[in-house]
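Have a look at the model first.

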Amino acid sequence: MAGRDLEVNAAGQAGDESDESAAGRGGGMSAGLSDGGSTAEPDGGGAARPAGGSTAEPGGGGIETVRVGPSVFVRLKLRLIAGNLRGSTSRVLGFVFTLVAAIAVATLGFFLMASLRLAPEDVALDVGIVLFTVFLVGWTLTPLLAFGLDDTLDPSRLSLFPLRTGQLAVGMFATSITGVWPIATLIIMIGAIAGLATGIGGVLLGVVAVLLLFALCIVTSRLVTTALSGILRTRRGRDVLAVSVVFFVLAAQLPNLLLNGGTSGDPVALLHGGASVLRWTPPGMAAHAIADGGVTAVVELAVLAVLVAVIGRLWIMALRRALVSADASTEGASVRNSKGLLARVLPDGPLAAVVTKELKYARRDPRGRVGWFAAIAVTGVMAFSLSRDQTGTGSIALAIAPACIGGVLIGLQSANAFGIDGRSLWMNSVVYGTERDWRTDLAGRHLAVATIAAPLLALIAVVAALLAGDLLWAVPGALAAWGILGVGLGTGALTSVFLPYTVPERLNAFTGAAPGQGGIAFLASFGALIGGALVALPIALPVLLGLPWVSVLAVPYGLLISWGGRRIAGNAAFRRYPQILGAVAHSS
Amino acid sequence: MADIVEAVRTQGLFKRFGQQTAVGGVDLIVPQGSFAGLVGPNGAGKTTTLSMVTGLLRPDGGLIHIDGVDVWRDQVVIKSRIGVLPEGLRLFERLSGRELLSYNGQLRGIPRAEVEQRAEGLLKIMDLTEAADKLVIDYSTGMRKKIGLAAALLHNPKVLFLDEPFEGVDPVSANTLVEVLQRYTASGSTVIFSSHVMELVERLCDWVSVMNRGQIVAQGPLETVRAGRSLNEAFLGLVGVRDGGGEEGLSWLGATSR
């Protein structure tokens, strides 16, 4: 076993990401070992392992083993939650906040659901159907966005324990419902019984329907997580998923945009249309069963129960497979060894090195890609909403604002310039010996951002100007946006040096900083935003208010601010770099 | 000891993290041209000491001289003279091995053609030519240590600091690392590496510094420190490990209990 330990250890060295794959391989190995040991499993070498179970076999030291039931997993989950809170005031506060929010949401949700009784019966049913569907979809998608937030969610961590797959499944199910949000969901769903049920039969069947739907939510969510955990354990899988997070967030904006767009004037008709589509989906059937309370309801519940069983079965199968498969993505393909146009133009040296590296990172690091996609997407959404608000004749502000917003958002990305480098920043630190070196480093980062951003902002300005009705407006738009970008880079350099924080390598949609650094992260981006906005005001305000010629001054002004920011920040970075190194290298 | 030329000398080096004193007055001495091992149990302060000596962590007190130059006073001179391979081995993951080397060389202002030539040679000797265009994130531990060492050697430093260079490295890669390092010290350059594999230190080093609980407990030529014993015995004696004991509680462990 010693050799095995070494290899697990070695794989663990390769980086945080690989310890799960190491555990996964270890799981396969230990399953094989036990087959050669006391009892041979009929299905041979699968994840199902001989365990104590109820038939107490002799354990390690000749003692009777105790059955490992779901309560063990529930206690593990509770202990993990408690352990995560220990010694960190900010995390305790965060948890209390979550708890209060969940109680509020649960209470409010329960009473809103119950108040459906006051609405006409058919409208109430339609609302119930739509809301139940939202629950199921939410439960299916959340693990995609939040993977890595919960230690008990990853089955490979448990794969070295002698557990049967069935035991593991029951345990994982138990841990999944142990939590603030699952219980809040259940409470809100129970509200639907109060809101929709007719007669005693409706209530009785309603309880069954809610429990089945709740189980369906959990099991589906689990199936998605487990099926994806194989992909999520590979580097490429995580890369792809990290970028797709942006699209999920965007998709959440879609209904909002459509409603703003006013595709249908009548909300009740819209609701009914949606509900009639969803009527025969599982959540639709659950809602209908509560309202119906008759023979149809019984049939619907039977269908629902079968569905839960089938998905549960699929989940167990996925679980069994996930435990014994390993990450093979490190046999990755080679990258092109191109120099890039800019590197050929720039003189040889640190500046060219930093620019080339930054441009590669923008392309290859999912965090870089997410940042750029998000900046473009948010600009698009805001431009779209702006243009919706002011129908009719276009104004110059409408043509200029989108590019300016883009400039702000892209500038904000540089508010923590050293964060993406993280622990690799030592490599620059052991080279830079003067203030000038650090200023050059920042200049390289700014140049890289500007290389991508300048044409992009010009493009946004042209599109916005075309939409607003006068192509000429693109000129002040692009100039103002470039100026604002310069201001953003300048203020961002300051926050990068004075308020640096770790960007976690595992992205999820809910946090942008390592545990315990949320406050600094908030302060840094908020500071960069407010500071940048204030400094940009002298050029942005006149242009937006209808003095487009002021935009001629925007670019020199932006260059000046970014130069000043680099100067102050670079000089400070030379003195502060051990602190910066410490701040961006938190283990996440 | 006055006659030896020192590559590294620290005086009263001191670092606290909150309540805990990680390094409490370390006087590290490494003569020039030596292959020096810094040994000690986990938590002895080896990594903290090396981080401070290489200018990655600011000490709370004490002096550090490399080649007679104060590390925190003249950083330009120091940083061009030292090569570093820190613990944990965080490299720029999204660059390929070749790109990582050329980034490093350009950052140090070495002409591009020269960087490419040196990188090619280093990749070849490290047996990384095939993997040169793969991203570092997809490298194994041994490959990462090798590319990290290549990056540290690229500017031909006078003193090389390596934190646990052999941890988690397979025997073949370890052998490559050793060969490169031996060739490097043979030319008069200095290597200081931390490790807790005594056999390796005994085999490679001519100078040993033993750390325990944030202090140097023994330091000098290998033969002096081990004083006729194996280095492992000498080390266990120095850090004060009790013999035996605590075995009664594990009576169930092992095949005999079945």
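What follows covers the overall picture of chain B, then its six-stranded sheet. This is a predicted model, where local features need pLDDT of at least 70, side-chain atom pairs count only at pLDDT 80 or more, and totals for chains, interfaces and linings use all residues. Residues are numbered from 1 along each chain as its sequence is written, while chains are lettered from A and ligands numbered from 1 in the order in which they are written.

**Overall picture**
- Chain B has 9 helices and 11 strands, taken as DSSP runs (helices H or I, at least four residues; strands E, at least two) numbered from the N terminus.
- The C-alpha trace of chain B spans about 65 × 55 × 40 Å along its principal axes.
- Of its 258 residues, 49% count as buried, meaning 20 or more other C-beta atoms, placed from the backbone, lie within 10 Å of the residue's own.

**The sheet**
- In chain B, 6 strands make an open, mixed sheet in the order S7-S8-S9-S4-S10-S11; strands pair if DSSP finds at least two bridges between them.
- S7 (82–85) and S11 (215–221) of chain B are the edge strands, each with a single partner, so one side of each has no neighbour in the sheet.
- Neighbouring strands of this sheet are turned by 15 degrees against each other on average, direction ignored, with axes being lines fitted to C-alpha atoms and angles running from 0 to 180 degrees between N-to-C directions.
- S10 (residues 207–212) of chain B pairs with S11(B) in the antiparallel sense over 6 bridges, and Val208(B) has Gly220(B) in S11(B) as its bridge partner.

Notes
Buried ≥ 20, exposed ≤ 12 C-beta atoms within 10 Å, placed from the backbone.
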